[in-house]
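Colleague: I would like to learn how to read the features of a model from its computed values. Please take them one at a time.

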Amino acid sequence: MMIRFYLDGQLVEVDVKPTDTLLKVLVDKLGLTSVHYGCGEGSCGACMVLVDDKLRYSCLTFAASVNDKKVTTVAGLLSDHELSPLQKKFVENNAAQCGYCTPGMVLVAKALLDKNPSPSDEEIFDALAGNLCRCTGYVPIVKAVKSAARR
Amino acid sequence: MAKLRGRGIAAINYPTGMNLGGDPSQVVIVAQPDGRLVVNVASVELGQGIKTVLAQIASEITGVPVEDIEVRFGDTESAPHDTGTFASRSTHRMGNAVIKASEEIREIVLNTAAKMLEASPNDLEIREGRVWVKGVTDKSVEVKQVISQAQFTYNTPVVGKGFYVKPKSSVDPETGASDPHSTMAHGCTVAEVEVDTETGFVTVLKVYTVYEVGKAINPQLVESQIIGGIVMGMGAALTETVYPRYPVLDFQTTSFRDYVLPTAGDIPEIVAKIVESPTPTGPFGAKGVGEMVVNSIAPAIVNAVYDAIGVQITDLPITPEKVLKALKKSGR
């Protein structure tokens, strides 16, 4: 079946099977490298994207369900090839090592800050709780989110 | 039933490199037409920062700005031999190899600049990305321009080769002694925990940790490794296991829902300090950091739990079930 959706602002049309996950379509059919397969069961957050500005595990989302919707990946946060202020805070705080969790972490942080521009520590922990990181020990990630938040 | 607090300490000495037939690393640095350098290595960047550290080392010696040095990795066909990225060895082994290769580049730079500046190579110095005639403030040329000219005007291939190897050490049959590693790094970790004697749940409240790393070539990267190591070690101490939690395979961990990693909210306050005591065998004195920092946290937590409840847990992870069983057995 053909579906169409806005991927990072651009309209894409793609032929999918009813059982294809959004993750499979983004990675295998559209060639995205920033959306990562971690566990395939919604436990790690490496595959997270925004669907109509809401966080979704793309591994648990049917591709067909995003028809006519807006899908945002971490690459969609750039403007004119320039990193967003939030992404720059991740760089400054060395909040990525291997980088596998980073796109998910950035999108979770964006979703949090869009809704709540000055979150408490607890609210940041709660927001990041569904995303696993093996390298950083989370401290630099939390610092990056805090420094991107409105004081 | 109470919430009991305890404090535990653990110290570690950790070797850098392995005694694997010398554990060699080799590198080739090749200049580009515009004077940039490409450092070809078979060591792998997997987030620890070897790309940054090797570029820093090459920049320090050649004078080429760090942003103009590209470290290419991951292709063993285009890079010379390296044992690999493991044993906390890459900065030490590959760093030493990069120093040697960079010194060859530096010699070409000085010899070429001598011709360009009409001076003896011995009278030249490299600083701030330029080659200067010592003591003369207006006679200098950009290092990148020198490297470019070497190729186009003086027909000199600007290539640097370097290797580092520690001869294999065999065991003395009389004493059993050998010299298997290149240097020892050191660390000490203190953990403060709270144990809930009703649920058996252990919470890490605060971690103080200090590591002697020889020389922190990039302090932010070293600190990141320390914090990442502590949190990984905390997982090993308290929650992570691949073995069945009960003695049948039905209860084996098969996903991240059973194999429980720490998440952002589990992280205690961490006070991490770096101490530098340069080793003569390391590049600028650097030792290996990567693995050591994962190892000292679990014994510190075990000792802190012992301090809190008076029972020594002897196998990891310290699950609530083990704490409650230990408390029951000891009659506390």
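**Reading the fold and the contact**

Modeller: In chain A, 55% of the contacts with a separation of 6 or more join residues 24 or more positions apart; contact means heavy atoms within 4.5 Å. This is a predicted model, in which local features need pLDDT of at least 70 and side-chain atom pairs count only at pLDDT 80 or more, while totals for chains, interfaces and linings use all residues. Residues are numbered from 1 along each chain as its sequence is written, chains are lettered from A and ligands numbered from 1 in the order in which they are written, and side-chain values use heavy atoms, with hydrogens and water left out.

Colleague: Which order do the elements of chain A follow from the N terminus on?

Modeller: Elements are DSSP runs numbered from the N terminus: helices are H or I with at least four residues, strands are E with at least two. Chain A has five helices and five strands, in the order β-β-α-β-β-β-α-α-α-α. Its radius of gyration is 15 Å, close to the 15 Å that the globule rule gives for 151 residues, so chain A is as compact as a globular protein of that length. The radius is taken over C-alpha atoms, and the rule is 2.2 Å times the number of residues to the power 0.38.

Colleague: Is A:Asn131 buried or exposed?

Modeller: Buried means under 20% relative accessible area, exposed over 50%, and partly exposed in between, with a 1.4 Å probe and protein chains only. A:Asn131 has a relative accessible area of 1%, so it is buried. A:Asn131 sits in the loop between α4 (121-128) and α5 (139-148) of chain A. Over the chain, buried residues make up 48% of the 151 residues in chain A.

Colleague: And what is the relative accessibility of A:Gly76?

Modeller: The value is 29%, so A:Gly76 counts as partly exposed. A:Gly76 lies in the loop between β5 (70-72) and α2 (85-92) of chain A.

Colleague: How many residues does each chain give to the contact between chain A and chain B?

Modeller: Chain A gives 21 residues and chain B gives 23. Buried area is the accessible area (1.4 Å probe) that two parts lose on being put together, summed over both. Here that area is about 1800 Å², with 59% from carbon and sulfur atoms. In chain A, the most area is lost by A:Gln97, A:Arg134 and A:Tyr138, together 33% of what that side buries.
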